[in-house]
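Please keep the sequence and the model in view while reading.

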Amino acid sequence: MKIVKWILVSLLVLFIAFPFYWVIISSFKTPDQILQPDLWPKEWTLENYQMLLTETPYLNNLKNSIIVSFGTMIITTIIVVPASYAFYRLNFKGKQFFYYLILATFIFPTMLLLVPVYQLMNSVNLIDNIWSLIIINVTFAAPFATWLMSGFFKDIPESLDESAAIDGAGKIRILFQIILPLIVPGLTTIAVYAFVVSWTEFAFSSVLISSEANQVLTIGMNQIMGQYTIRWGWTTAGAVLTLLPVLIFFAFVGRYFIKGLTEGSIK
């Protein structure tokens, strides 16, 4: 039975990992080899990376994506912390209504909101501005992140708040000095979520950004592929370089993210 289990696990890992392996080795193949079913390059080359960085606006797209993703992550975290504290620690009129209103934001599909969002951003002169991407990404990331924080706040006994209040601490001091240090895994979880949502967003980026100077990686990579022909070498090299910032980011916060996923699911 164990042998069958290990075989199934190995096949699953191979099934998941092989596409990544194929993209990586393809990025080092010469143009005449890249469509060949070779599991190992016959001749290694860095030409695809060199052409990508010199012949395309990839570096500018990367810079814009980093700005948008980190901007989304920071603003989302700043908004979600007090919002979560209010929902899960305070009692106020209309609390249940606003809670369900947040959940209702998950109902609307992205495509249904493209035209209204475009009109809204156009009315405030934010078309072709990376701030429009940050705003819309925060709009979609913050509600889910607020809901995600419920498990972390519920894990903290309310007696801590009461003890701090008896000692004279106000709501703001309780939040920042008592609760925040205890929900670091939760903060990491919502930060990673907001970053990934922004890093991979395509639909609104394609509508709200028109100039090449403000394009992000998702749009830039789509244009690199070409309309009629696909430059597979540039595309695979771009995919590898696009994955690197995410891997580096996870290298620093990954353990907090995994800890946050497990801690937030247990009361």
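From the N terminus on, the elements of the protein run α-α-α-α-α-α-α-α-α-α-α-α-α, where helices (H or I, at least four residues) and strands (E, at least two) are DSSP runs numbered from the N terminus. The model is a predicted one, in which local features need pLDDT of at least 70 and side-chain atom pairs count only at pLDDT 80 or more, while totals for chains, interfaces and linings use all residues. Residues are numbered from 1 along each chain as its sequence is written, and side-chain values use heavy atoms, with hydrogens and water left out.

Q: How many helices and strands are there in the protein?
A: There are 13 helices and zero strands.

Q: Why is asparagine 137 called buried?
A: Buried means under 20% relative accessible area, exposed means over 50%, and partly exposed is in between (1.4 Å probe, protein chains only). Asparagine 137, which has its place in helix α6 (residues 130-148), has a relative accessible area of 4%, and therefore it counts as buried.

Q: What makes the pairing of the side chains of asparagine 137 and serine 198 a polar contact?
A: A polar contact is a pair of N or O atoms within 3.5 Å; within protein, one must be able to donate a hydrogen and the other to accept it, and residues adjacent in sequence count only if both atoms are side-chain atoms. The two side chains make such a contact at 3.0 Å.

Q: Which residues is leucine 114 in contact with, leaving aside its neighbours within four places in sequence?
A: Contact means heavy atoms within 4.5 Å, and on this basis leucine 114, in helix α5 (residues 110-123), is in contact with Ala203, Phe204 and Val207. The C-alpha atoms of leucine 114 and phenylalanine 204 are separated by 6.7 Å, although these residues are 90 apart along the chain.

Q: Is leucine 114 buried or exposed?
A: Leucine 114 has 15% relative accessibility, so it counts as buried.

Q: Why are the buried residues of α9 said to line one face of the helix?
A: In helix α9 (residues 171-179) the buried residues are Ile174, Leu175 and Ile179. Seen down the axis of α9, they fall within an arc of 100°, so they line one face; the arc is that of the directions from the helix axis to the C-beta atoms. On the other side of α9, Ile172 and Gln177 are exposed, whereas the cover over the buried residues includes α3 (58-89), α7 (150-155) and α8 (158-166).

Q: What makes the phi of asparagine 125 worth a remark?
A: Most residues other than glycine have a negative phi. Asparagine 125, in the loop between α5 and α6, has a positive phi near 60° and is not a glycine. Aspartate 128 lies in the loop between α5 and α6 as well, and it too has a positive phi of about 60° without being a glycine.

Q: How do you know that asparagine 125 is exposed, and what is said of aspartate 128?
A: At 67% relative accessibility, asparagine 125 counts as exposed, whereas aspartate 128, with a relative accessible area of 23%, is partly exposed.

Q: How is tyrosine 21 described, buried, exposed or partly exposed?
A: Tyrosine 21 is found in helix α1 (residues 2-26), and because its relative accessible area is 31%, it is partly exposed.
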